[in-house]
Amino acid sequence: MEVAFTEKDFYAEHFVPKDYLENYYSFSPGKDGANTLLRFSLDNLHQAFGAGGIKGDTLIDIGTGPTIYQFLSACESFREIIATDYADQNREELQRWLKRDPDAFDWTPVVKYVCELEGDREKRAEKENKVRSRGVQVLKCDVTQPEPLAPQAVPPADCLLSLLCLEGACKDLPPYHSALKNISSLVKPGGHLVLYTILDETFYMVGQRPFSCLYLRQEDVEEAVKEARIDFSFSVTDAKGACIVVARKIC
């Protein structure tokens, strides 16, 4: 299926957070592909931030969208979490969950899955409270800009997360390389990058609307990481075509 590049204004007008969450984060029967990718990301984030993993003071997440799953393991290892997204409606949906709004998306099955990885499925409420206790800031970002969070001032990140973001924001490889350099400027020297990317896809659906996705191979991702002067450490690719890179910034 050919899908024209999804411009920023189209995202701002047509991206529906609840549709996106129901499509990809509900652990619903009949959504085996989405469920597999979600488990893949949760398993690898647990590995990255679990015992002996990445730790620090400040975690910045670029392209958070309306989701909180990426913070469930990371909240054990960081004092401060900064969530960012371009679309106003995504930031508003995230704030609903943080404020315990009854209309917020129900993350219970996902939270229980992460708690089970950590050894106690029944600590769901404790886990959710821990995420909220990190005083999560929710900021606007634009990865196409040299200073993605300007004019907000944030501390350099001990770890930068970017999950399923750049491939949606970039039309082709040169902007993808530039965007990765832009966000890597937020990481302190010696800090870590955790990058989760979908490979070999050109679009994804939100409700009935297609949104473009930059076609990437694993070698494209690795080359961009190295060009951004981030020391490539390892990647994992599952059968569905997802890649997670964990790397350390050189300087």
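## Asp85 in strand β2

In this predicted model, Asp85 lies in strand β2. Its relative accessibility is 9%, and because the limit for a buried residue is under 20%, Asp85 counts as buried. Beyond its neighbours within four places in sequence, Asp85 is in contact with Gly63, Thr64 and Gly65, with Asn90 and Arg91, and with Leu139, Lys140 and Cys141.

## The sheet

Strand β2 (residues 78-85) runs parallel to strand β1 (residues 56-62), and five bridges join the two. Within this pair, Ile60 stands opposite Ile82 in β2.

Both strands belong to an open sheet of seven strands with mixed pairing, ordered β3-β2-β1-β4-β5-β9-β8. The edges are formed by β3 (137-140) and β8 (230-237); each has a single partner strand, so one side of each is left without a neighbour in the sheet. From one strand to the next, the twist averages 20 degrees. Helix α10 (residues 218-227) packs on the sheet, where α10 touches β5 (187-198), β8 and β9 (242-249). The direction of α10 makes about 160 degrees with that of β8.

## Annotated binding site and pocket

An unreviewed UniProt entry lists Tyr20, Tyr25, Tyr69, Asp85, Asn90, Asp142 and Val143 under "binding site". These positions are spread over 124 residues of sequence and also in space, with up to 23.9 Å between C-alpha atoms. From this set, the lining of the largest pocket takes in Tyr20, Tyr25, Tyr69, Asp85, Asn90, Asp142 and Val143.

Tyr25, one of the residues listed by UniProt, is found in the loop between α2 (17-24) and α3. With a relative accessible area of 5%, Tyr25 is buried. The side chains of Tyr25 and Tyr20 are joined by a polar contact of 3.0 Å.

Apart from neighbours within four places in sequence, the residues in contact with Tyr25 are Tyr20, Leu38, Thr67, Tyr69, Phe105, Trp107, Val110 and Leu164.

## Helix α6

After α6 comes Gly119, whose phi is positive, near 105 degrees.

Definitions and conventions. Residues are numbered from 1 along each chain as its sequence is written. This is a predicted model: local features need pLDDT of at least 70, side-chain atom pairs count only at pLDDT 80 or more; totals for chains, interfaces and linings use all residues. Side-chain values use heavy atoms; hydrogens and water are left out. Helices (H or I, at least four residues) and strands (E, at least two) are DSSP runs, numbered from the N terminus. Two strands pair if DSSP finds at least two bridges between them. Axes are lines fitted to C-alpha atoms, for helices over the stretch in contact, and angles run from 0 to 180 degrees between N-to-C directions. Contact means heavy atoms within 4.5 Å. UniProt positions are given in the numbering used here, feature names are shortened, and annotations may be inferred rather than shown by experiment. On a 1 Å grid over the protein atoms alone, a cavity is a set of points where a 1.4 Å probe fits but cannot get out, and a pocket is an open set with protein on both sides within 12 Å along at least five of seven lines; lining residues have an atom within 4 Å of a point. Buried means under 20% relative accessible area, exposed over 50%, partly exposed in between (1.4 Å probe, protein chains only). A polar contact is a pair of N or O atoms within 3.5 Å; within protein, one must be able to donate a hydrogen and the other to accept it, and residues adjacent in sequence count only if both atoms are side-chain atoms.
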